[in-house]
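Q: Can you walk me through this protein? Keep it quick, please.

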Amino acid sequence: QVQLVESGGGLVQAGGSLRLSCAASGSIFSIVAMGWYRQAPGEQRELVATITSGGNTNYADSVKGRFTISRDNAKNSVYLQMTSLKPEDTAVYFCNAAIVPSMAFPPRDFWGQGTQVTVSS
């Protein structure tokens, strides 16, 4: 069993900053990639940023230059530093990880429970 636990969401004014954290625990042989997705009310879940075990990153165009994803492989954790926040960044942010639970098994997708980020204008 694998769990992803997020923290760090909250209410912030436009232009402010927040840092999200996500830690994976449980039956983990290796983590291929970790990332953050978000879902605003009435919208589909969308990719925000991903990072591989080797440190390669990918960002949605809407957050490039404002958000930074990082990872601590030793702690099975991923972080999202969000700066210059805008009201349109308001959403529930979900942590995602592609995890190999044990040797010789393929990676599986796991999701956190989500953390609310609200940016006021």
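This is a predicted model: local features need pLDDT of at least 70, side-chain atom pairs count only at pLDDT 80 or more; totals for chains, interfaces and linings use all residues.

A: Residues are numbered from 1 along each chain as its sequence is written, and side-chain values use heavy atoms, with hydrogens and water left out.

Q: What share of the 121 residues is buried?

A: Buried residues make up 40% of them. Buried means under 20% relative accessible area, exposed means over 50%, and partly exposed is in between (1.4 Å probe, protein chains only).

Q: How many helices and strands are there?

A: Zero helices and eleven strands. Both are DSSP runs, numbered from the N terminus: helices are H or I with at least four residues, strands are E with at least two.

Q: So how compact is the protein?

A: As compact as a globular protein of that length, because its radius of gyration is 14 Å, close to the 14 Å that the globule rule gives for 121 residues. The radius is taken over C-alpha atoms, and the rule is 2.2 Å times the number of residues to the power 0.38. The C-alpha atoms fill a box of roughly 50 × 25 × 25 Å along the principal axes.

Q: What part of the contacts with a separation of 6 or more joins residues 24 or more positions apart?

A: That part is 56%. Contact means heavy atoms within 4.5 Å.

Q: Now disulfides. How many?

A: The count is one disulfide, meaning a pair of cysteine sulfur atoms within 2.5 Å. Cys 22 and Cys 95 form it, with their sulfur atoms 2.0 Å apart.

Q: Which parts does the pair tie together?

A: Cys 22 lies in strand β3 (residues 18-26) and Cys 95 in strand β9 (residues 91-100), so the pair ties together parts 73 residues apart in sequence.

Q: Are those two cysteines buried or exposed?

A: Both Cys 22 and Cys 95 are buried.

Q: And is the disulfide left-handed or right-handed?

A: Left-handed, because the torsion about the S-S bond of Cys 22 and Cys 95 is about -80°.

Q: Let's stay on strand β3. What about Ser 21?

A: Ser 21 is found in that strand. Ser 21 is buried, because its relative accessible area is 18%. Leaving out residues up to four places away in sequence, Ser 21 touches Val 5, Glu 6, Ser 7, Trp 36, Val 78 and Tyr 79.

Q: New topic: loops. Where does Ser 84 sit?

A: Ser 84 lies in the loop between β8 (77-82) and β9. Phi of Ser 84 is near 50°, a positive value in a residue other than glycine. Most residues other than glycine have a negative phi. At 41% relative accessibility, Ser 84 counts as partly exposed.

Q: What is phi of Ala 104?

A: Near 75°, a positive value in a residue other than glycine. Ala 104 is in the loop between β9 and β10 (108-111). Ala 104 is exposed, with a relative accessible area of 80%.
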